[in-house]
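Keep the view open as you read.

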Amino acid sequence: MRLVLVGPPGAGKGTQAQYIASNLSIPKISTGDIFRANVSGGTELGKLAKTFMDRGDLVPDEVTIAMVRDRLSEPDAQDGFLLDGFPRNVAQAEILRDMLKDWGQALDLVLELVVDDDEVVRRLAGRRTCSQCGRIWHVDFDDKKDDRCDACGGVLFQRDDDKEETVRHRLEVYQEQTAPLVSYYAEEGVLVGVDATGPVEEVTRRAMEAIRPFMG
């Protein structure tokens, strides 16, 4: 099955992508993971991507597309994949369609995780990252009363891209550039929306129910 996951930042795409891909026995292909690996590794691509990510802007199309093309051409993606973080706009969606068409393939489904802006801000602006082990905690969900990691004792900090003003900007960018994907894929007849609020397990259950009719 060839599947794309869309939704605003903070909708839980990364978490749901992992569970859904595992349930479907297909690789999860996340541009976010690729970008973060390059940033932490200090590569030239990582340095370039970080300048955009820190502002809450999108990494340029040509960089993203080259990454995705290479990844989709690998052997484990030939029988199906789940794309998380790509395409981010209609132009990328058209490139993906043409790319797959060249390979005699097409998308089976686009799953939209639906969540409102205030919930996104609560989820992302409440995150704190451990400066020592990198574990992420949440001031509400983990009932954190101090600024220390419960796992290793490291100092917790708020990443620049988790600050409320940056989150709000990321949501504006999403509405301007990525939200039109919903209309595009709805017209293509492959879009299904899923309520992404509530416990992770419940959202996964809803997602799998939505996917089931499209499975061969």
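**The sheet and what packs on it**

In this predicted model, 5 strands make up an open sheet with parallel pairing, in the order S2-S3-S1-S4-S8. Strand S2 (28-30) and strand S8 (191-195) are the edges. Each has a single partner strand, so one side of each has no neighbour in the sheet. On average, neighbouring strands of this sheet are turned by 25° against each other, direction ignored.

Strands of a sheet pair through backbone hydrogen bonds, parallel or antiparallel. Take one pair here. Strand S1 (residues 2-6) and strand S4 (residues 109-114) run parallel and are joined by 4 bridges. Valine 6 has glutamate 112 in S4 as its bridge partner.

Now turn to the helices. Helix H2 (residues 31-41) lies across S2 and strand S3 (81-84). H2 runs at about 55° to S2. Helix H8 (residues 180-188) also packs on the sheet, where H8 touches S1, S4 and S8. The direction of H8 makes about 130° with that of S8.

Next come the rings. How many aromatic pairs are there? The count is 1 aromatic pair. Tyrosine 184 and tyrosine 185 form this pair, with ring centres 5.1 Å apart. Is the pair stacked or edge-to-face? The planes are 75° apart, and edge-to-face means over 60, so this pair is edge-to-face. Tyrosine 184 and tyrosine 185 are both buried.

Charges sit over two other rings. Arginine 55 lies over the face of phenylalanine 52, 5.3 Å from the ring centre. Lysine 144 has its charged end over the ring of tryptophan 137, at 5.1 Å from the centre.

Note on methods
Residues are numbered from 1 along each chain as its sequence is written. This is a predicted model: local features need pLDDT of at least 70, side-chain atom pairs count only at pLDDT 80 or more; totals for chains, interfaces and linings use all residues. Side-chain values use heavy atoms; hydrogens and water are left out. Rings of Phe, Tyr and Trp (its six-membered ring) pair if their centres lie within 6.5 Å; planes under 30 degrees apart count as stacked, over 60 as edge-to-face and the rest as tilted. Buried means under 20% relative accessible area, exposed over 50%, partly exposed in between (1.4 Å probe, protein chains only). A charge sits over a ring if NZ of Lys or CZ of Arg is within 6 Å of the ring centre and within 35 degrees of the ring normal. Two strands pair if DSSP finds at least two bridges between them. Helices (H or I, at least four residues) and strands (E, at least two) are DSSP runs, numbered from the N terminus. Axes are lines fitted to C-alpha atoms, for helices over the stretch in contact, and angles run from 0 to 180 degrees between N-to-C directions. Contact means heavy atoms within 4.5 Å.
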